[in-house]
Every structure is written in structure tokens, then in C-alpha cells.
Amino acid sequence: MVLFMVLLCTLGSCGSNNTLDFDNPDVDLFVKQLKAGTYQTQSPEGFVEVPNFKSEDIPKLLSYSTDLTLIQSFPLPPISPYIGGEIRLGECMLWIVESIRIGDYASLGCHLIRVNADNYEAQYFLTDEEVIDASVHYKRWWENRSYPKTRWSIDPCFDDPLCGTGYQWW
């Protein structure tokens, strides 16, 4: 009987927690589930959505922002249409950071596009190199937030990581 219990715990999920808490999510577990295609955590409303990440999660989210791994799916807002195209993990992490920054969905999908795009077709999505560049801007923005904005601050891009980049959220 003891051997059976040990085997059950070893082969089963005994001792390993693969459940993501929607209101207190773990960034590493979320990323692991996105990469495996197993993310299914539902909001209190019953939708599979991005969990409630907070400002204190931003450094960890940014640590994944240069990961260009293609993922099968990403939990878009319930009002989002399916937009197709490749989904890069790092770009989606930036989308979460932007959503935290503005206090609402950054856009209807986790794709950055060029500011002067004619429309929102996948051909206008950023290249891998441009996503890495956007990540650099977000990291710089986050680091600069540690310095207080004063009346002597003349930087119009103080709280806008994409200001001047030529990128915007879809």
C-alpha cells in the first residue's frame, strides 16, 4: 500500500502545483503553460484570460520579453477577434506589461505593428529584431520609473515606452 502511494505521488501530480492562481499568478508557471500550450486558467467571469498580474510582476515579465518562442495560443480579451499570425511569447509579455501600465487591455491582440501601417494585417507586425528593440524600450522605461518625475523633467516620453519608436499596439 505504501509503495502504491509513493508511486502515485511520483507519477501523478503529488507535490507539484501546476495550477495557476488567477489573482496571484506566478509568471514562471504562466510562461511554462503558454509554451506547453496548456494554459487554461479562467477569470472569475469564466473566460480564459491573462491572469491579474501587477506592477511588481513587471520585472519578471520583462525578463521573458526577448523570448521569441512561438506559442500556440495566447489568452486574448473576451472581446477580441481572432487575428491569426504568429504569436511570440516575448511580444505577449510586453502586451501584459503595457496592459498593467495603462490599467486596461493594451489592444485586442498581443501584436505590435508599425505606426504608419495601412491596416492591421499580419504583414505589418514587427519583425523579431523590432520586438527585441521594443523590449529594450520597455526595460529602459521600467528602469527610469525608479527616478521621480519632477517639474524639471522635460521628457515627453517619460511614461510611454513606445514613444518615438515607430511602434504601436495593434
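Which residue just after α2 takes a positive phi? I looked this up to open my notes. G37 does, with a phi of about 75°. I note here that the model is predicted.

**Entry: helix α2**

I stayed with α2, which covers residues 27–36. I looked at its start next. There, a side-chain oxygen of D26 comes to within 3.2 Å of the backbone nitrogen of D28. Then I asked which residues of the helix are buried. I found V27, L29, F30, V31, Q33 and L34. I also checked what covers these buried residues of α2. The cover includes α3 and α4.

**Entry: aromatic pairs**

How many aromatic pairs does a search of the whole structure find? I noted six. I took F30 and F53 as one example. Their ring centres lie 5.2 Å apart, and their planes stand at 65°. The pair is edge-to-face because that label needs an angle over 60 degrees. This pair links distant parts of the chain. F30 sits in helix α2, while F53 sits in the loop between α2 and α3. The two are 23 residues apart.

Are F30 and F53 buried or exposed? I checked each in turn. F30 has 0% relative accessibility, so F30 counts as buried. F53 has 9%, so F53 counts as buried too. The cut-off I needed is under 20%.

My next pair was Y138 and W141. Their ring centres are 6.2 Å apart and their planes are at 80°, so I wrote down edge-to-face again. Both residues belong to helix α5, residues 128–144. They are three residues apart, which means about one helical turn separates them. Y138 is buried, and W141 is buried as well.

I also asked which residues ring pairs link into a cluster. The cluster holds F30, Y39 and F53.

**Entry: a patch on the surface**

Last, I turned to the surface. Which residues form a nonpolar patch there? I found I79, Y105 and L108. Together they have about 280 Å² of accessible area.

I79 lies in a loop, between α3 (58–63) and α4 (89–102). Why does I79 count as exposed? Its relative accessibility is 64%, and exposed means over 50%, so I79 passes.

**Entry: what I keep**

Terms used: Residues are numbered from 1 along each chain as its sequence is written. This is a predicted model: local features need pLDDT of at least 70, side-chain atom pairs count only at pLDDT 80 or more; totals for chains, interfaces and linings use all residues. Side-chain values use heavy atoms; hydrogens and water are left out. Patches are made of residues with over 30% relative accessible area and no salt bridge: like charges are joined within 9 Å, nonpolar side chains (Val, Leu, Ile, Met, Phe, Trp, Tyr) within 5 Å. Accessible areas come from the Shrake-Rupley method with a 1.4 Å probe; for residues, only the protein chains shown count as cover. A salt bridge is a side-chain nitrogen of Lys or Arg within 4 Å of a carboxyl oxygen of Asp or Glu. Helices (H or I, at least four residues) and strands (E, at least two) are DSSP runs, numbered from the N terminus. Buried means under 20% relative accessible area, exposed over 50%, partly exposed in between (1.4 Å probe, protein chains only). Contact means heavy atoms within 4.5 Å. A polar contact is a pair of N or O atoms within 3.5 Å; within protein, one must be able to donate a hydrogen and the other to accept it, and residues adjacent in sequence count only if both atoms are side-chain atoms. Rings of Phe, Tyr and Trp (its six-membered ring) pair if their centres lie within 6.5 Å; planes under 30 degrees apart count as stacked, over 60 as edge-to-face and the rest as tilted.
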